[in-house]
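User: Hi! Could you walk me through the fold of this model, one point at a time?

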Amino acid sequence: MAAFFFMIASGLVWMGLSVDLDLETFIWGAALGGALWLLRGQKSHRPFGVRRALLLIWLGARLTVIFIWELLIANLDQLRLILSPRIEIEPGWIEVPCSLQTTPMRALLGTLLTLTPGSLTFEEKTDENGRWTIHMHLLDTRGGETSLERALQRFEAPLRRMEEL
């Protein structure tokens with residue numbers, strides 16, 4: 001299954017690098033990705049299944065829509081701060097608990113949180129209890145923590161579901 005998604009991603013990246021959005025360019029990129037997969041001797045941990053692939057695509061599309069919505073809300077919050085007559089912010093560092101188990105999903109969560117305006121991911125590490133935490137800097141810790149918690153909950157659920165597949 002991982003090989004399938006690697007080939008799809010390779011095809012899309014090849015299309016982006018070639019600045020040519022046609023099927024032939026995608027096929028060449030996917031073929032190059034498949035050849036790279038075979039040359040590196042990569043192994044998929046789970047067998048390919050059409051149902052699983054469709055479910056992952058659905059969850060990825062849903063996560064994309066959620067991210068775009070959260071991005072819009074975060075941009076409006078930042079715009080409100082910038083346009084206010086007096087900017088009263090309290091920047092600071094916070095620790096965000098993370099229940100995701102795999103490194104790629106935690107990295108994707110950190111990336112999604114970083115791409116929202118007003119936040120910056122610094123590092124990910126385990127705490128004393130063995131739980132993963134993401135250290136983040138927020139532009140405004142007063143109102144930013146609630147919106148960050150909401151975004152975290154909305155991002156983490158589809159990522160956890162994708163991780164379980």
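Analyst: Gladly! Two strands pair if DSSP finds at least two bridges between them; helices (H or I, at least four residues) and strands (E, at least two) are DSSP runs, numbered from the N terminus. This is a predicted model, where local features need pLDDT of at least 70, side-chain atom pairs count only at pLDDT 80 or more, and totals for chains, interfaces and linings use all residues. Residues are numbered from 1 along each chain as its sequence is written, and side-chain values use heavy atoms, with hydrogens and water left out.

User: Which residue in strand 3 is the bridge partner of Ile94?

Analyst: Strand 1 (residues 92-98) runs antiparallel to strand 3 (residues 132-138), and seven bridges join them. Within strand 3, Ile94 has as its bridge partner Met136.

User: Which strands stand at the edges of the sheet?

Analyst: The open sheet has three strands with antiparallel pairing, in the order 1-3-2. Each edge strand has a single partner strand, so one side of it is left without a neighbour in the sheet; these are strand 1 and strand 2 (119-126).

User: What arc do the buried residues of helix 4 cover around the axis?

Analyst: Helix 4 (residues 103-115) buries Met105, Arg106, Leu109, Gly110, Leu112 and Leu113, where buried means under 20% relative accessible area, exposed over 50%, and partly exposed in between (1.4 Å probe, protein chains only). The arc is that of the directions from the helix axis to the C-beta atoms. These residues sit on the same side of helix 4, because their arc is only 160 degrees.

User: Which exposed residues does the face of helix 4 turned away from its buried side carry?

Analyst: Opposite the buried side, helix 4 has a face with exposed residues. They are Pro104 and Leu115.
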